[in-house]
Amino acid sequence: MDDRELQLTREERQALEALSALQPARPSDAARARARAAFLQEAAAPELPRRASVVAMWLPLAAAAAILVMLFLYGTRPEDQWQVSALVAPAGIEAEAGVPETGTGIAGGVIETGPGSEIELVLGTSLRVRIIENSRVRLPDAPGRWFERDIEFFVEAGEIYGTSGGHSPGFPVTLATPEAEALLTGTTFAAFRTESHTCFCLFEGGMEISILATGETESLEVGKRIFVFREDGGIEVAPLDGRETMKLQMMQDAGPPTDD
Amino acid sequence: MVVMDLPIPTGGGSRASLDEATLALVRRRDPRAMEIFFEHFYDRVFGYVASLLRNRDRAEDIAHEAFLRLHKSIDKLDPSRDPAPWVFTVVSNLVRDHWRSKEYRVGRQQGDMEEIERLPSAGSGGQHEALEKEESAKAIRLALAELSEDDREIILLRTYQEMDTDQVAEILGIRVDAVRQRHSRAVKRLGEHFKRLMGATNET
């Protein structure tokens, strides 16, 4: 590795040296043998003899396969793309998918916001989300037209607010953190993750939460928030506070995107 | 089918790339060349996945699946290029699918993570040096486990697998400058965890 690209502190250099000194884990002999046998057995499989009347047999199947491929390719194209609708302090925003600019499209990927930075994104007329400062969120790819419709926002740190305008966006939306997942139904919502807990907030609509540590599920009431603690997966339900209510009200007022 | 008298490495993996002639035979599914390809990459793939997932059983499953997928798409292999980025792209996609699974998230939440890497050998230094090495190794294992999946992934690809930024960009499907940024931040976080853990070790 070329560390000349990095300005390393003493601890960083020591950490990388210690990492390089570690011996990588070794697979068991049994696992290696199984993988090897599978890989090489496939390689040693004899080729099947060809038939003379292959055209008559395969043409209808080839046609059906071509139709399925077209359906798949067209069906997995996104119905809409994420569009950047607003930026605050854009210099502090990094997105894996490219430099975000207002009015332009952006693909799914990790978005990281620094102090004072915010990014708002809209998806067709279905969804509006806002990632505020000091956050790290994985934005999902837009849902496919017919296939791959589920989308999931993964909140590693910070805060995200969103709204589908009180009605279903037309595809499943999940908010996830390492502690919990929330399936949304026609919702104005928020999700936070701090060093001690995850918090999901519900302003309107529905939210079904799965607690990963315990397997419990909770339905959150409108006007409430639920904390899921990192240490033990414990939960606590409380009313929304003033700050959250204000931000969620603003998101609801903005509503989902329109066709104009 | 061409059979050539090629030497087969005895496992452990190698950073040196396979030569073009061998890779051309691999693409033609020559059994002996395939065996060389497997021995060249399997341990590397397993070690990488195990360090990412912190779970030996799951690493074995994913490594197995990776080689099945590699075999299915071996026609795509370009003998003129180092195949490592292609191999690790397949592996990374499988790992990401696993990270998205509820099974992984529940397991991680329940502390189902192992200490995966082996400690370095003691070397010829004295007892004090051996103890320092052991403490450092334990601290870096814990520090690595505390990183997010994205941070761990980029550190392991750049440091452990010694891939350059272009290769990592190809594997992860992101821009080269995004690789540099992510790597720089991941190293910073690793250094912070390591410093804290070494401090905790020295206090005990």
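In the predicted model, helices α2(B) and α3(B) cross with right-handed geometry. Helix α2 spans residues 31-53 of chain B, and helix α3 spans residues 56-72 of chain B. Their axes come within 8 Å and cross at roughly 140°. The pair therefore counts as oblique, since the antiparallel class begins over 145 degrees.

Residues from both helices build the contact. From α2(B) come B:Phe38, B:Tyr42, B:Val45, B:Phe46, B:Val49, B:Ala50 and B:Leu53. Helix α3(B) supplies B:Arg56, B:Arg58, B:Ala59, B:Glu60, B:Ile62, B:Ala63, B:Ala66 and B:Phe67. By class, 12 of the contact residues are nonpolar and 3 are charged. No polar residue takes part. An α-helix has 3.6 residues a turn, so residues three or four places apart point the same way.

In chain A, helix α4 covers residues 242-254 and has 13 residues. From its first C-alpha to its last, α4(A) reaches 18 Å. This is close to the 18 Å expected at 1.5 Å a residue. Just after α4(A), A:Gly255 takes a positive phi of about 70°.

The mean pLDDT of chain B is 82, with 79% of its residues at 70 or more. Over residues 1-10 of chain B, pLDDT stays under 50. For that stretch the model has 17 contacts beyond four places in sequence. For the complex, the predictor gives an ipTM of 0.81 and a pTM of 0.62.

Key. Residues are numbered from 1 along each chain as its sequence is written. Chains are lettered from A and ligands numbered from 1 in the order in which they are written. This is a predicted model: local features need pLDDT of at least 70, side-chain atom pairs count only at pLDDT 80 or more; totals for chains, interfaces and linings use all residues. Axes are lines fitted to C-alpha atoms, for helices over the stretch in contact, and angles run from 0 to 180 degrees between N-to-C directions. Helices (H or I, at least four residues) and strands (E, at least two) are DSSP runs, numbered from the N terminus. Angles under 35 degrees count as roughly parallel, over 145 as roughly antiparallel, 65 to 115 as roughly perpendicular and the rest as oblique. A crossing is left-handed if the near helix is turned anticlockwise from the far one by less than a right angle, and right-handed if clockwise. Two residues are in contact if their C-beta atoms, placed from the backbone, lie within 7 Å. Ala, Val, Leu, Ile, Met, Phe, Trp, Tyr, Cys and Pro count as nonpolar, Asp, Glu, Lys and Arg as charged, and the others, Gly among them, as polar. pLDDT is the predictor's confidence in each residue, from 0 to 100. The expected span of a helix is 1.5 Å times one less than its number of residues.
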